[in-house]
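Work through the exercises below with the structure open. Try each task before reading its solution.

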Amino acid sequence: MNQPLLDIQNVTVEYPAKGFRAKPFRALSNVSLDVRAGECVGLVGESGSGKTTLGRAVLGLAPVTEGKVLFRGQDIAHAGRSERRELATDIQVVFQDPYTSLNPSRTVEQILAEPLTVRKVPRSESSKRIKALFEMVRLPADSGNRLPREFSGGQRQRIAIARALALKPELIVCDEPVSALDLSTQARVLELFKDIQEQTHVAYLFVSHDLEVVRHISHRVAVMYRGDIVEFGDGDQVTSAPRHPYTQRLFFAAPVADPEAQAQRREERHRLLAEQTA
Amino acid sequence: MSTPVHAPNPQLAVIPPEAAAKASLLRRVLRNPLALGSLLFLAVIIVSAVAAPLLAPHNPNTADISAVLSSPDSGHLLGTDGAGRDVLSRLLFGAQFSLAGALLALVTSIVIGVTGGLLAGYYGKWIDTASTWVISMLMALPAIIVLLAARAVVGPSLWASMLIFGVMLSPAFFRLVYASVSAVRNELYVDAARVSGLSDTRIIGIHILTVVRAPIVVQSAIVGGVALAVQSGLEFLGLGDINVPTWGQMLSDGFTNLYTAPLLIIWPALAIGLTLISLTLLANSLRDELERSNAPRRRRRKQPAEQPAVVGEEVMRHDDGGLAGEAVLRIENLSVGYETGDGGTKRVVHDVSLTVARGEVHGLVGESGSGKTQTAWSALRLLPEGGRITGGSIFFHGDDLAALNEKDMEKIRGSRIAYIPQEPMSNLDPSFTIGSQLVEPMRICLRMSKKEATTRALALLARVGIPNPERTFAAYPHQVSGGMAQRVLIAGAISCNPDLLIADEPTTALDVTVQAEVLDLLRDLQSEFRMAVILVTHNFGVVADLCDRVSVMRLGRIVETGPTRSIFAYPRHPYTRELLGAILGETSPRGPLATFDAGPSASPSRKGALR
């Protein structure tokens, strides 16, 4: 009954290394995580921690060498090309970089129509759907025949979100979707993510390096460190009272935008580091 | 929310006219006189080749023994050749066969090269290995020798030799397509298309072929020319089929009769030469036009790209009882502009004034396009190409840097004003060791001996918290992490005891735990050396951590300035309030998912609700 939407079980990802008989590079080791329908699970970690790799493994863009990725109970870790194409209606993606994730030579309408055309959605219905998408991501209704380069970073990210929503998926893997954006744009795009989730009950696997972004959007949060999940639990607890030493270091390292509070946090960080090394 | 007013980068928000962006390549080529001329000439040649049976007055192979080498007259407009055949007819039919032969070679090489390049570039793995191997082998073979050997085996046939030559030419297309496809294959939009459920053929057709289309057209003009030239060479050597008239054969005949009828060699030579020149010129102008379309910026800047005017707005100053010490840097009414394509200037910094005292950290904070980095670069006089200080002064210990000549500026830059960049890796030269990059500046600006400089460099590396200074000293930049590289650059920046340090987003590229360490380091060094620091950042947490004062910038102007505590506690400008309001740290966490709308039972209504 209470089966999670996405259930990642003991997944290991290894990339073959260059050179004869070289040891493969292990990006993820034995990672388990689950996402329920309509839920946002934040995945936070520093560069090289494997958080992006986990997202790509769910999308079938990274080689899963061991373990299972169950989507509605079905293992999709080794889904073939045609099975993957079927999954496109269920699992979608929003990438970090809104500048390279949209083909610069295609209009916004062509970009959004692409997944629909593949599914043989009739033209009239597809243009209706695109209009609805523009409204959902709050883009001007006449954006259709413009090229991506005519939009700002925040607007491009809205286009990418609209593309992800086109097929009404149940899960969207969001790979650092607000990291390339300015502060105020970032806040607005995060609100959009939240609103869309409340309207459509789509689930997010939300990858970010920023503890505050993750705290703001996630119901539950997982912390990754060197290819492993070190802490996973309720978003509030993980992001405000972390238990694992690494999460604690991460928490105290992020500067607060308040000089007094930051001075205090700095002190606490130094104390914590002294304790942890002792 | 959806209004484009908040576009952070004003340049991006400018919408170029749709028509200009999409003006077809053909139309642009036609506007280029050189390309138009070549195209017209090629069109004439092609039309006369196709219409040769209608235009030619005689059969090209009919030999009239009674009229060998006759000069031009009414019966034979261009005279006859050594076998009494009509030169004009042979020239027309020669065009037909020569061009058809070149076309055959071209099509063969395109089919093999483009398909191979697409498959190898897109799928990689064994297809890549195998086809690269085959292509390398083809490239190693000398084409002329292969063609001679083939003639010995299959006999004199224009078509066979052009087919083989097409195969020999295919690496030209293979390598071109392969390179572009491997570059595009890992673009995020190709990944996104894959996740959208597009089949491979569709991805190649939509996203990949469009990238290689234009270079293929350019390459075709070049390869077509090569095929024609080599074919003429073979025919000239007498290796062709006697019954198929080609320009090369005519050239050979003219050469034989060079002394008796010198005009004979002129016609085929002209035909071959002019066709080759046209093809080359066409390829060149196509390439020029393509490259121009890749740089639409120039055209776009011609639009009145002035930002929404914030003219005359007062800077909100927080009172702070004056400076703590002597002013190291005083910027007064600084304006910075960039030259635009039409000779105008686009201003990116307007009327900025600020003062930094000894021992003080002044934060310049704002979003992208706010002019904070431009202001910092002006103080270093290191504005990128096209940028210049259009007004105001920058006083550094009383000297106006804005008016200083380049030679005097060089003495100040690096030794008295130091710089820490955003991207540590791209600011270290990968081909020199870290040690040599630290020692060299010290030998110049502090006039130290190599030994003294080495000792000091090692001490500095230890000072910035590098665990094993000797090893890092001898290492190359790629052997250290980003955080370590930033420490190395900090060591380099403080090596000449500067009075002013300009740090441009020094922690933005770093992980948050490394950022905290680097911020600690900067704070310690700053108080130890009593430097004045300008810290450019977009992160209010970094400002809160390090800065004594802060200036908030927006669209090239300072909107609010004052002591950090005062700005955070009592922001007065609406924009400062908006930025501070956008910080997520203040907001409450989202909390757990309400359980009643979870679970598979909610799915059907969910799908329904969407429509």
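**Exercise 1.** Are Glu505(B) and Lys372(B) buried or exposed? Find out, then describe how the two side chains meet.

*Solution.* Keep in mind that this model is predicted. Step one: both Glu505(B) and Lys372(B) are buried. Step two: their side chains form a salt bridge, with 3.9 Å from N to O. The cut-off is 4 Å, so this pair counts.

**Exercise 2.** Locate the salt bridge between Asp545(B) and Arg523(B), and place each partner.

*Solution.* Step one: the closest N and O atoms of the two residues are 2.5 Å apart. Step two: Asp545(B) is in helix α22 (residues 540-546) of chain B and Arg523(B) in helix α21 of chain B, 22 residues apart. Step three: check burial. Asp545(B) has 7% relative accessibility, so it counts as buried. Arg523(B), at 19%, also counts as buried, because the limit is under 20%. Step four: widen the view. Shared partners join Arg266(A), Arg269(A), Asp520(B), Arg523(B) and Asp545(B) into one network of salt bridges.

**Exercise 3.** Explain why the salt bridge of Glu260(A) and Arg565(B) joins two chains.

*Solution.* Step one: the side chains meet at 2.3 Å, N to O. Step two: Glu260(A) lies in helix α10 (residues 259-277) of chain A, and Arg565(B) lies in helix α23 (residues 564-569) of chain B, so the pair joins two chains. Step three: Arg565(B) counts as partly exposed, because its relative accessibility is 49%.

Terms used. Residues are numbered from 1 along each chain as its sequence is written. Chains are lettered from A and ligands numbered from 1 in the order in which they are written. This is a predicted model: local features need pLDDT of at least 70, side-chain atom pairs count only at pLDDT 80 or more; totals for chains, interfaces and linings use all residues. Side-chain values use heavy atoms; hydrogens and water are left out. Helices (H or I, at least four residues) and strands (E, at least two) are DSSP runs, numbered from the N terminus. Buried means under 20% relative accessible area, exposed over 50%, partly exposed in between (1.4 Å probe, protein chains only).
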